[in-house]
Amino acid sequence: MATQDGDGRNGAQSHQNTKDSTASARQRSHSNDDLHYSTSFDGCRAEGPARLNLEEVVRAATCSIFAVRCDAPLLTWDTAELNVLNRELRALDDGFHFSPILSANSAQRLPGYGLKQEDRVVSRIAFGSCANQSAPQPIWTAISNFDPSLFIWLGDNIYADAKLPVRFIGRKRTSGPFKNTPRFWPVSAEVMEQKYMIAKNKSGYEALRRTAQIIGTWDDHDYGLNDAGKELSTKDVSQKLMLDFFDEPKDSPRYHRDPLGSNGAMLGETQWAWFEQELRKGDSQITIIASSIQVVSNVSAVVQPFFHVESWSNFPAEQERLFKLIADNNVSGVIFLSGDVHFCEISRFDCGPVGYPIYDLTSSGLTQAVEELTNPLVAFVIRFAAWFVPNTMRVYNSQCRYKSCVYGKRNFGSIEIDWDADPVMIKMSVRDIFGTTVSGTEVPLSILQPGALNTQPLQRGEVRRHCTLDVDLPWTRKYLLAYAFFGTSFVLTMSPFLLGYMTFKLLRARRRREPNQKPD
């Protein structure tokens, strides 16, 4: 299995994955004859044959070296040795954080030694989105405590564009069905670069960068403008700054999406070609696809016309192409990650051509969360609306903090893979600012295989849980929130007139009775 990544505006980052360990060394060398290694880190140095003993490795670890990486043949360890080494490494406390996840599986390897980065095993992944660089970011502590070997950015990694306040009424209305003024506008390249530097130098994020591999994609606000696509003239500058932020090569395809509402292209042909090439490798048990916007959720349909939520369902032809590409290449273990919406939920799609449940884990945001960006009364209304509106894709279970299984406060997502279980188990969770689970589900890898589900095709007009996409919802259900809003608004608007009319009728009836009353 291999680790490959590439991404695009609202599109494609895949991480094909087996297991992981973290190895670090500033200098390394080896000889093919005697398989010696030499490494140094912050003044510590350890040398010896490739077949290291436990004391040698532990001594190296105390010098902030978890394992030596080189191209020498893989080391083999028996189970007893691995258990002892794990205990020794966990006992170390030298201010350097690492993940001792040695396993007797996979040829009983010492993780990281002799392995190229793309061959290392991944078992703990964290991900998140929507981080305003100017806001406090205490959530990085919880993410670091989760101890992921990989962190995936899902977009809106900074908020580069400028904005006006939300206004539903008034001369300049920036939101809602009567919007007449753009709320966002782009900033200069210099300002965007400063914002990226602020984000990169956050102390909590700096600590995570020292212990985990960082990859990611972008969304609209870090692309340069809210809801923008390939028509944005400053996209080349945005691309360069994003690549610098990720410390990635500068030749990845990154932007090709058509404008919203065009039913055009979510990805360009270059990205589609890259994506198909990755899927055809066929050497991974689990394939994680990071999309900055939701892939299967129905939220984009049910909140109209008040809010416009970006989603793959805004591009139904592209969404169908995505699922078909996975099915045609017989790819197993696909899991989607998404952000953008400022709340978290877990969605599941059973009726596509893939032949097994497709999960979409949405985590948003690290700082921008819908219930924390408004006053308590509005936050209560939002929480009620999350429970009230229909959603055929959302996963409901006892792991949810709220009955709606939506969490609108700051959060991050996590995936834990138990490779030693039989069958292999995948634990998908969303966690709050303290690292406590607020939504989650566990799935055996054996279910995420082509042919695991034998679902019947949807009948015309049928609404079925985990099957009916938002584009197929009947209008009677799709606009339930709108009916409730306008109905409530009508009642509240007419209530004073109705009350006044009833008061007038009562007073008039009383006056008619008064002349007929005889004096004592």
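Begin by selecting residues 480–504, a span that is 100% helix and 0% strand, with its end C-alpha atoms 35 Å apart; helices here are DSSP runs of H or I with at least four residues, strands are runs of E with at least two, and both are numbered from the N terminus. The unreviewed UniProt entry annotates residues 480–504 as "transmembrane region", where positions follow the numbering used here, feature names are shortened, and annotations may be inferred rather than shown by experiment.

Before moving on, note that this is a predicted model, in which local features need pLDDT of at least 70 and side-chain atom pairs count only at pLDDT 80 or more, while totals for chains, interfaces and linings use all residues. Residues are numbered from 1 along each chain as its sequence is written, and side-chain values use heavy atoms, with hydrogens and water left out.

Next come the charged pairs. Side chains of opposite charge can pair when their charged atoms come close. Searching the whole structure gives 15 salt bridges, each defined as a side-chain nitrogen of Lys or Arg within 4 Å of a carboxyl oxygen of Asp or Glu.

Select Asp 247 and Lys 200, whose closest N and O atoms are 2.8 Å apart in a salt bridge. Asp 247 sits in the loop between α7 (235–246) and α8 (269–280), whereas Lys 200 belongs to helix α5 (residues 189–200), so this pair ties together parts that are 47 residues apart in sequence. Asp 247 is exposed, at 51% relative accessible area, whereas Lys 200 is buried, at 13%; buried means under 20% relative accessible area, exposed over 50%, and partly exposed in between, using a 1.4 Å probe and protein chains only.

Now select Arg 383 and Glu 371, which form a salt bridge at 2.6 Å, N to O. Arg 383 lies in helix α11 (residues 376–388) and Glu 371 in the loop between β13 (358–362) and α11, a pair linking distant parts of the chain, 12 residues apart. Glu 371 is buried, with a relative accessible area of 11%, while Arg 383 is partly exposed at 30%.

Moving to Glu 372, select Arg 410 as well, for their side chains meet in a salt bridge of 2.8 Å, N to O. Glu 372 is in the loop between β13 and α11, and Arg 410 in the loop between α11 and β14 (412–418), 38 residues apart. Arg 410 is partly exposed at 23% relative accessible area, and Glu 372 is partly exposed at 34%.

Finish by selecting Arg 124, Glu 416 and Arg 431, which are linked in a network of salt bridges.
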